[in-house]
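This briefing sets out the packing, the aromatic pairs and a pocket of one protein model. The structure is shown first, and the points follow by topic.

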Amino acid sequence: DIVEEYGPGSFDIQSLNKMKFPLIKRPGFDEYHFRFLTDDEAQEFIKLDVITNDKQGEENLKIEKKRNFLCLKSLAKRNGIYRIVATISNPELFLNPDNKFIISGPEDYGMIDIPYLSDDLMASKTIYWDILFLSAPDVRLVEINAYSTTMPKATDYIKQYQSLLKFINNSKSVNLEGILGFNSKEREIVDNDVFVPLKTIMNSLDKYGFEIEDKKGLAHLLQSARVQGDMYSYGILERKFSEIQPPFNFVAEEPKHEVVNEDDKVVISLFVWGNANSTIKLRCYAKN
């Protein structure tokens with residue numbers, strides 16, 4: 001199925017096949033392809049899977065699996081999260097710099113960089129590469145790009161992810177570099193990129209008022225920017241976050257309930273209206 005490049009139909013396919021980049025067949029309407037391209041075809045060291053919380057069963061859903069290939073069809077008729085995860089059994093073969101992970105949809109295609117894999121994870125028997133998720137029925141692709149020693153669930157960390165994206169998008173008075181702490185004294189500048197430790201990013205988000213619900217989950221969402229020396233790249237995070245455009249409503253938010261005064265007042269509900277510049281909150285109370 002790697003036969004036809006995006007673009008004009010007048011290309012000479014035979015001559016292009018001799019070149020050093022893959023020719024990707026354009027998927028059909030409401031069809032999404034995920035490919036891991038490698039020259040090490042003799043050994044199977046990566047397996048692609050999809051994990052979903054969709055309760056509709058298999059009706060109208062088509063999943064096609066081949067070696068190093070996964071295809072999802074008819075997502076516009078679904079409702080839920082579809083998470084693309086790879087099981088890696090041989091990290092050395094997986095980390096070959098010539099390997100590529102390609103995503104192709106009806107209108108466009110691109111690649112996801114294979115992130116740095118730390119020594120402690122390299123020693124694990126099995127590694128899970130948490131690549132991305134699609135939210136149906138609007139079918140938006142959102143990059144995660146992190147490793148784990150346990151298979152993620154369909155919605156793991158997604159609520160925190162959308163909260164982080166909303167927070168960054170609504171912080172108009174401070175740029176992304178400042179929000180994430182890449183202007184701090186701990187930063188290092190190498191090859192026109194800025195690097196800081198994870199702790200600096202966490203502390204900066206806390207300083208600007210972002211509520212970190214789960215430090216482990218937030219570290220997972222930021223892991224794609226990790227490089228050698230336990231430093232994190234601003235360039236990687238800036239690209240990753242800028243490619244995810246609002247609205248950030250991948251999963252439904254649960255209503256918040258909060259105790260104001262245990263003696264006499266309990267919050268029944270919290271309604272929020274607002275936009276990037278203003279937020280109005282209305283609290284309704286009831287006497288005990």
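Beyond its neighbours within four places in sequence, I201 is in contact with L180, F182, V196, L222, Y232 and L237 in this predicted model. I201 is also listed, with Y161, L180, L205, F241 and F250, among the residues that have the most contacts inside the largest nonpolar core.

**Nonpolar cores**
- The largest nonpolar core comprises 34 residues.
- Two or more residues of this core come from each of β9, α4 (158-170), α5 (176-179), β11 (193-197), α6 (198-207), α7 (215-222) and α8.
- Helix α4 gives the largest share of the core, namely 6 residues.
- Another core, of 30 residues, lies apart from the largest one and includes Y32, L61, I112 and I127.

**Aromatic pairs**
- The structure contains 8 aromatic pairs.
- One of them joins F133 and F250 in an edge-to-face arrangement, with 5.3 Å centre to centre and 75° between the planes.
- This pair links distant parts of the chain, since F133 belongs to strand β8 (residues 127-136) and F250 to the loop between α8 and β14 (265-274), 117 residues apart.
- F133 counts as buried because its relative accessible area is 0%, and F250 counts as buried because its relative accessible area is 8%; the cut-off for buried is under 20%.
- Ring pairs also connect F36, F45, F94, F101, W129 and Y147 into a cluster.

**Second largest pocket**
- The second largest pocket holds about 630 Å³ of space.
- Its lining consists of 23 residues, of which I103, G110, L141, V142 and E243 are the closest to the pocket centre.
- At least two lining residues are supplied by each of β6 (100-104), β7 (109-112), β9 (140-148) and α8 (234-242).
- Classified by type, the lining has 11 nonpolar, 4 polar and 8 charged residues.

**Overall architecture**
- The protein has 8 helices and 15 strands.
- Of its 288 residues, 43% are buried.
- Among contacts between residues at least 6 apart in sequence, 63% join residues at least 24 apart.

Note on methods:
Residues are numbered from 1 along each chain as its sequence is written. This is a predicted model: local features need pLDDT of at least 70, side-chain atom pairs count only at pLDDT 80 or more; totals for chains, interfaces and linings use all residues. Side-chain values use heavy atoms; hydrogens and water are left out. On a 1 Å grid over the protein atoms alone, a cavity is a set of points where a 1.4 Å probe fits but cannot get out, and a pocket is an open set with protein on both sides within 12 Å along at least five of seven lines; lining residues have an atom within 4 Å of a point. Grid points are joined across faces, edges and corners, and a volume is the space filled by probe spheres set on the points. Helices (H or I, at least four residues) and strands (E, at least two) are DSSP runs, numbered from the N terminus. Ala, Val, Leu, Ile, Met, Phe, Trp, Tyr, Cys and Pro count as nonpolar, Asp, Glu, Lys and Arg as charged, and the others, Gly among them, as polar. A nonpolar core is a set of buried Ala, Val, Leu, Ile, Met, Phe, Trp, Tyr and Cys residues joined through side-chain atoms within 4.5 Å. Buried means under 20% relative accessible area, exposed over 50%, partly exposed in between (1.4 Å probe, protein chains only). Contact means heavy atoms within 4.5 Å. Rings of Phe, Tyr and Trp (its six-membered ring) pair if their centres lie within 6.5 Å; planes under 30 degrees apart count as stacked, over 60 as edge-to-face and the rest as tilted.
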